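Please keep the structure in view while reading.

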Amino acid sequence: MTLAVRYTSARTLDTAPAPSAPPGPGEVELAPAYVGICGTDLHIFHGDLDARVRTPAVLGHEMSGRVVRVGPGVEGWQPGDAVTVMPLRWDDTCPACRAGHQHICQHLDFIGIDSPGAMQQRWKVPASTLIWLPEALALDRAALVEPTAVAVHDVGRAAVREGEKVVVVGGGPVGILIALVARAAGAEVRVVELSTHRRLLAEELGLVAWDPAADDVPALVRQWTGDAGADVAFEVSGAAAGVDTAVDVLGVRGRLCLVAIHPRPREVNLHRFFWRELTLVGARLYDRSDFERAVTLVADGTIPAGRLISKVVPLTEAPAAFEALEGGGDVMKILVDCTGDARGAAV
């Protein structure tokens, strides 16, 4: 018998037996090892995506694991291979796909939201979604490849260049990853974050972090940039105040990359956009090249994944882990151990 963590209704998760069947044509069966809980999973937990999620829904899309079985027609994969999954299934026929933007297919199946996810002991996915992992990369660290791929895509969308000055507004897991990827691209980076715990972690990772409640962030940016303003700002906070800060810190022809999901319309200082000829760019998800780059960054230590893992819990304790994450500030990334033999540990 295999177990799965299932969302059944707002603020209600259970751990229940999950059906298991051989993989079909073009499919593989995986044994997930570690699954990260992300902000989207919390939105589901809160009931925010009930119009989209079919219950009972198995959650999870940040994962690492191993191939167990391969279905008919699958080539290049065999049992025991270490993998992660790019959790996107597109139709290849819509206008977005035809234009080459399959990752934002207009009928996208985001696996783990629109179809069953990884928070279970056995998981069937299309072989086309698999991403190879080097054997030397620990599987708990590898569970951070997916959010790192998000950061790689975001930094690419913002076209961050060596020597540019970058402000990341929001120092949660994705914000820190964006800061680290931008730094690896040669940028100078500042992080704006309310949580003392997250600011301290950013500083331990060699980043400069500011407290928007105590610091005059636009003034600090002017001082840092010689009154020029930042070249790029990433809005990762999801808050109205974060939008204001991200706009205010930008210099002439600066680029604002919107990463956070804002559940409601926000007021934006469009006069600032006009006056400084700013650019706004959206960033959503990733493509295969982003994932492959993320694997390299995690494997070579550019992304110190172990420092971002706050706790590992067994599958049966996943519901409580969701509640712990609601506190936000003192926790970065919680992983769910799906192997069945973990007792949970701080990392």
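The model is predicted. Its second largest pocket has a volume of about 470 Å³, and a search of the whole structure finds 14 salt bridges. H61, in the loop between β4 and β5, counts as buried.

**The three-strand sheet**

- Three strands form an open sheet in the order β2-β1-β4, and their pairing is antiparallel.
- Strands β2 and β4 are the edges of this sheet, each pairing on one side only.
- Strand β1, residues 2-9, pairs with β4 in the antiparallel sense over two bridges.
- The bridge partner of Y7 in β4 is A57.

- H61 is classed as buried because its relative accessibility is 3%, and the cut-off for buried is under 20%.
- Leaving aside residues up to four places away in sequence, H61 touches V35, C38, T40, D41, V85, P87, F110, I111 and E146.
- One of these contacts, P87, is 26 residues from H61 along the chain, and the C-alpha atoms of the two are separated by 6.3 Å.

**The second largest pocket**

- The lining of this pocket comprises 26 residues.
- V58, S115, P116, Q120 and W123 are the lining residues that lie nearest the pocket centre.
- The elements that contribute two or more residues to the lining are β2 (12-18), β3 (27-36), β4 and β9 (123-126).
- Strand β9 supplies the largest share of the lining, with four residues.
- By residue class, the lining consists of 14 nonpolar, four polar and eight charged residues.

- Side chains of opposite charge can pair when their charged atoms come close.
- R52 and D114 form a salt bridge in which the closest N and O atoms are 2.6 Å apart.
- This pair links distant parts of the chain, 62 residues apart: R52 belongs to the loop between α1 (39-45) and β4, and D114 to the loop between β8 (109-110) and β9.
- R52 is partly exposed, with a relative accessible area of 38%, whereas D114 counts as buried at 18% relative accessibility.
- A salt bridge also joins the side chains of R66 and E135, at 2.7 Å from N to O.
- R66 counts as partly exposed because its relative accessibility is 29%, whereas E135 counts as exposed at 55%.

**A salt-bridge network**

- E164 and R161 form a salt bridge, their closest N and O atoms being 3.1 Å apart.
- At 7% relative accessibility E164 counts as buried, whereas R161, at 48%, counts as partly exposed.
- R161, E164 and R255 belong to one network, joined by salt bridges that share partners.

Key. Residues are numbered from 1 along each chain as its sequence is written. This is a predicted model: local features need pLDDT of at least 70, side-chain atom pairs count only at pLDDT 80 or more; totals for chains, interfaces and linings use all residues. Side-chain values use heavy atoms; hydrogens and water are left out. Buried means under 20% relative accessible area, exposed over 50%, partly exposed in between (1.4 Å probe, protein chains only). Contact means heavy atoms within 4.5 Å. On a 1 Å grid over the protein atoms alone, a cavity is a set of points where a 1.4 Å probe fits but cannot get out, and a pocket is an open set with protein on both sides within 12 Å along at least five of seven lines; lining residues have an atom within 4 Å of a point. Grid points are joined across faces, edges and corners, and a volume is the space filled by probe spheres set on the points. Ala, Val, Leu, Ile, Met, Phe, Trp, Tyr, Cys and Pro count as nonpolar, Asp, Glu, Lys and Arg as charged, and the others, Gly among them, as polar. A salt bridge is a side-chain nitrogen of Lys or Arg within 4 Å of a carboxyl oxygen of Asp or Glu. Two strands pair if DSSP finds at least two bridges between them.
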